[in-house]
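Please look through the structure shown below, and keep the sequence at hand while you read the briefing that follows it.

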Amino acid sequence: MPVSRDASPGRSLEGRTALVTGAAGDIGGTAARRLIEAGATVVVADHPAAAARLDATVASCREAAGDDRVRAVTFDVTDGEATRTAIASVASDLAPPDLVFNNAGVQGAFVPTHRYPLDDAARVINVNVVGAITVMTSAAAAMVAAGVRGSIVNMSSMAGVSGAPNMMAYSTSKAAIIGMTKSAAKDLAPHGIRVNAVSPAFIGPGAMWERQVELQAAAGTQYFPSDPELVAEMMIGMVPMRRYGSMDEVVDVVLWLSSDRASYVTGVNIEVSGGSA
Ligand SMILES: NC(=O)c1ccc[n+]([C@@H]2O[C@H](COP(=O)([O-])OP(=O)(O)OC[C@H]3O[C@@H](n4cnc5c(N)ncnc54)[C@H](O)[C@@H]3O)[C@@H](O)[C@H]2O)c1
């Protein structure tokens with residue numbers, strides 16, 4: 001299913017310090033490794049409960065780097081104090097991050113709107129919106145205080161652009177990321193900090209792909225059948241390019257937005273969707 005492509009990023013990010021949240025996960029782990037390969041020093045971050053998976057990301061980064069340009073920190077992005085303290089420590093002990101991939105997120109429940117559980121909606125908004133705001137403001141504060149120019153890439157989703165059935169809270173949270181990005185881009189432009197978003201559609205193989213196929217099948221609404229295999233086929237059939245995207249295809253865009261090759265690009269949301277609208 002993956003296409004063959006030249007993924008060679010060169011060493012364009014040498015000397016840069018990157019912070020990647022959700023780095024124990026599929027997209028964040030790939031991004032951390034690719035940032036290391038591009039020459040950056042990388043701080044990988046995830047929830048304390050994901051510490052074992054984060055260790056695996058650290059190991060794969062060390063292997064890719066052939067040196068020790070990776071640091072790990074754990075904090076829950078919904079814990080404002082822990083997040084601000086961890087990012088301030090990175091800034092004082094290592095360097096203020098000049099590349100931020102604000103990527104941590106959760107999908108939440110797959111339930112139609114009239115039955116959507118409010119406690120789950122609050123949790124999704126708390127992680128995906130309040131958490132993303134906390135990471136972005138904490139990192140921006142450290143960058144502005146140190147006079148560091150750079151880039152922040154926020155993780156949205158096509159669910160936030162188009163609205164996905166049975167995913168009302170997730171779609172709401174990812175739409176908020178686009179507004180947050182456009183506003184922050186204006187505030188931070190005078191400080192030389194670009195802020196952009198990426199919106200993937202179906203990306204796989206990975207935990208979120210597996211989970212959404214299972215849970216859309218179980219949701220029992222008109223949009224998907226109850227057989228997960230048929231759901232997977234149907235989802236792929238909805239994509240004009242007739243396949244899901246790979247982690248690397250998302251990270252390619254993140255790396256480009258992070259690099260100086262995107263030096264006049266700020267406040268945009270790039271859809272990485274195989275043509276899905
Ligand atoms: N995979 C897809 O198809 C897809 C599509 C569109 C958008 N996205 C978005 O991309 C991002 C990464 O997704 P992924 O596919 O790598 O999923 P993933 O589940 O593999 O990774 C998400 C990571 O976020 C971390 N996280 C969750 N809550 C956290 C918290 N409170 N504090 C700190 N870390 C927390 C998790 O521990 C996990 O490691 C998410 O924001 C997701 O919504 C994914």
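The second largest pocket of this predicted model is lined by Arg 16, Arg 149, Gly 150, Ala 189, Gly 192, Ile 193, Arg 194, Ser 258, Asp 260, Ser 263 and Thr 266. The briefing continues with this pocket and then turns to the backbone.

**The second largest pocket**

- The space that lies in the second largest pocket comes to about 210 Å³.

**A cis peptide bond**

- Most residues other than glycine have a negative phi, and most peptide bonds are trans.
- Gly 204 and Pro 205, however, are joined by a cis peptide bond, for which omega is about -10°.
- Pro 205 belongs to the loop that runs between strand S6 (193-200) and helix H7 (207-219).

- Arg 242 is not a glycine either, yet it has a positive phi of about 55°, and its place is in the loop between helix H8 (228-238) and helix H9 (247-258).
- Arg 242 has a relative accessible area of 52%, and because this value is over 50%, the residue counts as exposed.

Methods:
Residues are numbered from 1 along each chain as its sequence is written. This is a predicted model: local features need pLDDT of at least 70, side-chain atom pairs count only at pLDDT 80 or more; totals for chains, interfaces and linings use all residues. Side-chain values use heavy atoms; hydrogens and water are left out. On a 1 Å grid over the protein atoms alone, a cavity is a set of points where a 1.4 Å probe fits but cannot get out, and a pocket is an open set with protein on both sides within 12 Å along at least five of seven lines; lining residues have an atom within 4 Å of a point. Grid points are joined across faces, edges and corners, and a volume is the space filled by probe spheres set on the points. Helices (H or I, at least four residues) and strands (E, at least two) are DSSP runs, numbered from the N terminus. Buried means under 20% relative accessible area, exposed over 50%, partly exposed in between (1.4 Å probe, protein chains only).
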